Structures are given as structure tokens and as C-alpha cells.
Amino acid sequence: AAALKKGGAGEGALTKLKTLIAADCDLEDASLLFPSLPRSLETLELRGNRFRIASMETLSSVLEARWLPFLVSLDLSDNPLGPLGVRALAKGLAAPLQVLKLARTGVKEKGVEALAEVLKGKKVTSLLTLDLAGNKLFSAGLKPLAAAFTIPGVAPTLQTLILKDNSLTQSSDPERREHAPLNRLLPRTS
């Protein structure tokens, strides 16, 4: 955060950098990486690393401080964020973000609740794509998101919602079978 205030980060040769792909780089601690990202970034692809809650708290503070005002695409797929990491990240999410990829991050129901709260607060009305594939959400995990989508003006630009490999017709309780509320996610036709 100190680098953000000083304005020292992101100056020099990288001031025009639009895309940073640091996928599968075995990154774990991002306390120095995120605050030093160039402000010009539009796409940040960090899939397949080892980011957890502490890294997401740092990234969230960078996003909340509007250090990356042009960021439209964020891919954190295949990181062990868990519900607490997603909750930490969600606090900083804001427009102009258009693509958020959280596939196979262990979001679970609590992480989806945090994302639903951000959507309900209309902080990311610019969102076009939300990828939650492979998170074992089960039917209960989708309910907070479905409830958020019933509110007028929530995610008005959303075009793609990726939910594959989430066991949406199963309950986390193997004795109970229930279906995810997909009908709430789909637009109503007259």
C-alpha cells in the first residue's frame, strides 16, 4: 500500500503494459507483486498459482484503492483461494471489471455469498463473464447468486455465466437430492 501512496510503482518502461500473464508461475506471496502492478493493466491472468487469503487481501486493497482503474479481466482460476480468499477479493471488486474467472478456486457457498453481496451492491455492473466452474457449489452454493440475480439492475451486462462441473443437481448432504435454482438465473420470457 505504501507503493500506491508514493506513486513509485508502475513508473518507467511498464507504464503502457496492458496485459500481464503470470499463469502457472508457482507464485504464492503477492504482497509485493500486487501493489507494484502498472496502473495501465487491463488484463491480469494469474491462474494456476498458489494464492490464498493473504494474497487476496492485498489484491483487494489494491483494487479498492483504484490502483488498477483500467482492469477489465481478472483470472484467478486454479488457485487455492477457498471461500475466505474469495470473500477477501470480493471486497475490492469494482467496475470496470468485465471478466472474473474463479474456476476451481474452492469458492464454495460462503465465497458465492460474498460475490452475491458485491453484485447486490452494484459494484460490478460492468461484469460480462463470471466463471465459477469446478467449485463443487452443489445446489445450495448457487442459491445466493440466484437470489442476487432477482434484484433489478444486478449484473445488467452479464452475458456468460460458467457453472460447469459444480454438481448442481446434488446437495452437499448425500442423503438429499435437490436441484440448483437455475430458473432464477435465466431471463424470463413472456
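What follows is a friendly conversation about a predicted model of a protein chain.

Residues are numbered from 1 along each chain as its sequence is written. In this predicted model, local features need pLDDT of at least 70 and side-chain atom pairs count only at pLDDT 80 or more, while totals for chains, interfaces and linings use all residues, and side-chain values use heavy atoms, with hydrogens and water left out.

Biologist: Which pattern does the chain follow, read along the sequence?

Modeller: Helices (H or I, at least four residues) and strands (E, at least two) are DSSP runs, numbered from the N terminus. The chain has six helices and six strands. Read along the sequence, they give the pattern α-β-β-α-β-α-β-α-β-α-β-α.

Biologist: What percentage of the residues in the chain is buried?

Modeller: Buried means under 20% relative accessible area, exposed means over 50%, and partly exposed is in between (1.4 Å probe, protein chains only). Out of 190 residues in the chain, the buried share is 45%.

Biologist: At what angle do helices H4 and H5 pack?

Modeller: Axes are lines fitted to C-alpha atoms, for helices over the stretch in contact, and angles run from 0 to 180 degrees between N-to-C directions. H4 covers residues 108-120 and H5 covers residues 138-149, with axes 8 Å apart and an angle of about 5°.

Biologist: Which word describes how H4 lies relative to H5?

Modeller: Angles under 35 degrees count as roughly parallel, over 145 as roughly antiparallel, 65 to 115 as roughly perpendicular and the rest as oblique. The angle here is about 5°. Therefore H4 and H5 are roughly parallel.

Biologist: How many residues in the contact of H4 with H5 are nonpolar?

Modeller: Contact means heavy atoms within 4.5 Å. H4 brings Glu109, Val112, Glu113, Ala116, Leu119 and Lys120, and H5 brings Ala140, Gly141, Pro144, Leu145, Ala148 and Phe149. Ala, Val, Leu, Ile, Met, Phe, Trp, Tyr, Cys and Pro count as nonpolar, Asp, Glu, Lys and Arg as charged, and the others, Gly among them, as polar. That gives three charged, one polar and, for nonpolar, eight.

Biologist: How far apart are the end C-alpha atoms of H2?

Modeller: The expected span of a helix is 1.5 Å times one less than its number of residues. H2 has twelve residues, so it should span 16 Å, and the distance between its end C-alpha atoms agrees, at 16 Å.

Biologist: Which residues of H3 does H2 meet?

Modeller: The axes of H2 (residues 53-64) and H3 come within 7 Å and cross at roughly 10°, which means that H2 is roughly parallel to H3. From H2 come Ile53, Met56, Glu57, Leu59, Ser60 and Leu63, and the H3 residues they meet are Leu84, Gly85, Ala88 and Leu89.

Biologist: How many salt bridges does a search of the whole structure find?

Modeller: A salt bridge is a side-chain nitrogen of Lys or Arg within 4 Å of a carboxyl oxygen of Asp or Glu. Side chains of opposite charge can pair when their charged atoms come close. Searching the whole structure gives a count of eight.

Biologist: Which residues are linked with Arg47 in a network of salt bridges?

Modeller: Arg47 and Glu45 meet through their side chains, at 3.0 Å from N to O. Arg47 is partly exposed because its relative accessibility is 31%, while Glu45 is buried because its value is 17%. The network of salt bridges joins Arg47 with Glu45 and Asp24.

Biologist: How many residues apart are Arg104 and Asp78?

Modeller: Their salt bridge brings the closest N and O atoms to 2.6 Å. Arg104 is in the loop between strand S4 (99-101) and H4, and Asp78 is in the loop between strand S3 (73-75) and helix H3 (82-90), so this pair links distant parts of the chain. Arg104 is partly exposed, at 43% relative accessible area, and so is Asp78, at 33%.

Biologist: Which helix holds both Glu117 and Lys120?

Modeller: The side chains of Glu117 and Lys120 meet in a salt bridge at 3.0 Å, N to O. The two lie three residues apart, about one turn, in helix H4.

Biologist: What distance separates the C-alpha atoms of Asn135 and Thr105?

Modeller: Asn135 lies in the loop between strand S5 (129-131) and H5, and it counts as buried because its relative accessibility is 2%. Leaving aside neighbours within four places in sequence, its contacts include Thr105, Gly106 and Asp165. Asn135 and Thr105 are 30 residues apart along the chain, yet their C-alpha atoms are separated by 6.4 Å.
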